[in-house]
Amino acid sequence: MTAGPWGWGLAMLLLLLLAVLRCAARRQRSRSAAGSTVVSRDDGVSALLVTAHPDDEVMFFAPTLLCLGRAGARLAVLCCSAGNYYNQGEIRKKELEQSCCLLGIPASSVTVVDHRDLPDNPSVQWDTQLLASFVLKHIEANNINLVVTFDAGGVSGHANHISLYTALRYLHSERKLPEGCRVLVLESVNLLRKYISILDVFLSCLLPRDALFILTEEETEQARRAMQCHCSQLLWFRRIYMLFSRYVVINSLHLLEKTTLTTPGVKE
């Protein structure tokens with residue numbers, strides 16, 4: 001069975017659209033970090049990524065980490081659980097260090113909070129005061145002036161992810177953060193946008209945001225190599241996620257003071 005003229009025409013249109021998107025993505029990639037209203041090479045940025053589990057740093061935040069590193073920021077990661085839901089906590093701590101190393105963050109700048117009251121559990125909302133105390137202590141001890149974490153939707157609706165937003169929101173609203181310390185939260189998008197990879201670049205560029213980070217093709221492969229460090233988590237659905245998720249290539253973020261108190265959860 002051969003394709004008719006309409007079939008060939010549609011195929012050519014799709015190829016043309018992909019070519020235009022790739023070209024636009026390359027142009028935007030080259031200025032993603034420099035074009036941010038939050039980060040520049042002259043800022044002396046000391047950034048802390050606050051995550052819930054080992055592998056969050058690469059599954060959701062690789063564009064932010066690599067683009068901030070490209071812009072000269074000093075990077076650190078605070079992971080608020082060991083990811084021990086399946087009793088793999090010790091393995092996952094080592095995998096996290098290996099992944100961060102590939103993302104340009106030395107093991108000395110990676111901290112894992114392994115507290116019994118902060119369990120890796122998708123149905124458990126962590127205690128805001130306890131979590132906020134750990135985060136604030138780390139911010140103050142390391143002279144952090146930029147914190148990055150999830151928004152109120154937690155990208156996938158995971159309760160632990162949302163707890164991080166709640167804790168940072170508390171610190172911010174109660175004015176407990178050091179003066180000049182800003183908080184960026186990762187935008188949760190709908191399911192369609194989440195799984196169209198680089199094709200989401202147009203919407204990401206058009207919609208309002210305070211920071212937009214887009215990886216080059218080389219950096220995208222670097223992120224995927226970092227995910228390979230998480231051997232214990234490489235189930236089939238995560239491999240598919242790494243191929244199609246826009247979060248592997250694109251991060252759009254908002255300053256905390258500009259976000260609303262409630263953001264619809266988006267399920268993975």
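Is R175 buried or exposed? Select R175 and take a look: R175 is exposed, with a relative accessible area of 76% (exposed means over 50% relative accessible area, buried under 20% and partly exposed in between, using a 1.4 Å probe and protein chains only).

Before you go on, note that this is a predicted model, where local features need pLDDT of at least 70, side-chain atom pairs count only at pLDDT 80 or more, and totals for chains, interfaces and linings use all residues. Residues are numbered from 1 along each chain as its sequence is written, and side-chain values use heavy atoms, with hydrogens and water left out.

**The whole chain**

Zoom out. The protein has 268 residues, and 51% of them count as buried. Take the contacts (heavy atoms within 4.5 Å) between residues at least 6 apart in sequence: 85% join residues at least 24 apart.

**Two loop residues with positive phi**

Back to R175, which sits in the loop between α7 and β5 (182–186). Its phi is positive, about 55 degrees, although R175 is not a glycine. Most residues other than glycine have a negative phi.

Now pick S197, in the loop between α8 and α9 (201–206). S197 has a positive phi too, near 50 degrees, and is a residue other than glycine. S197 is buried, with a relative accessible area of 14%.

**Helices α5 and α7**

Select residues 128–141 for α5 and 159–173 for α7. Their axes come within 9 Å and cross at roughly 70 degrees (axes are lines fitted to C-alpha atoms, for helices over the stretch in contact, with angles from 0 to 180 degrees between N-to-C directions). α5 and α7 are therefore roughly perpendicular to each other (65 to 115 degrees; under 35 is roughly parallel, over 145 roughly antiparallel and the rest oblique). Show the side chains where they touch: among them are L131, A132 and V135 of α5, and L164, A167 and L168 of α7. By class, this contact has nine nonpolar, four polar and no charged residues (nonpolar: Ala, Val, Leu, Ile, Met, Phe, Trp, Tyr, Cys and Pro; charged: Asp, Glu, Lys and Arg; polar: the others, Gly among them).

While you are in α7, click S163. S163 is buried, with a relative accessible area of 1%. Leaving aside neighbours within four places in sequence, S163 is in contact with V124, Q125, W126 and L131. Try the distance tool on S163 and D127: their C-alpha atoms are 7.7 Å apart, though the two residues are 36 apart along the chain.

**Helices α10 and α11**

Next, select 217–228 (α10) and 236–244 (α11), whose axes come within 11 Å and cross at roughly 165 degrees. That makes α10 roughly antiparallel to α11. Here A223, R224, M227 and Q228 of α10 meet R238, R239, M242 and L243 of α11.

Which residues of α11 are buried? Colour R238, Y241 and M242. Seen down the axis of α11, these buried residues fall within an arc of 95 degrees, so they line one face of the helix (the arc is that of the directions from the helix axis to the C-beta atoms). Their cover includes α2 (56–59), α8 (191–194) and α10. On the other side of α11, W236 and L243 are exposed.

**Last stop: H230**

Finish in the loop between α10 and α11, at H230. At 0% relative accessibility, H230 counts as buried. Not counting residues up to four places away in sequence, H230 touches P54, D55, E57, V58, E95, L96 and S99.

How values were computed
Helix = DSSP H or I, 4+ residues; strand = E, 2+ residues; numbered from the N terminus.
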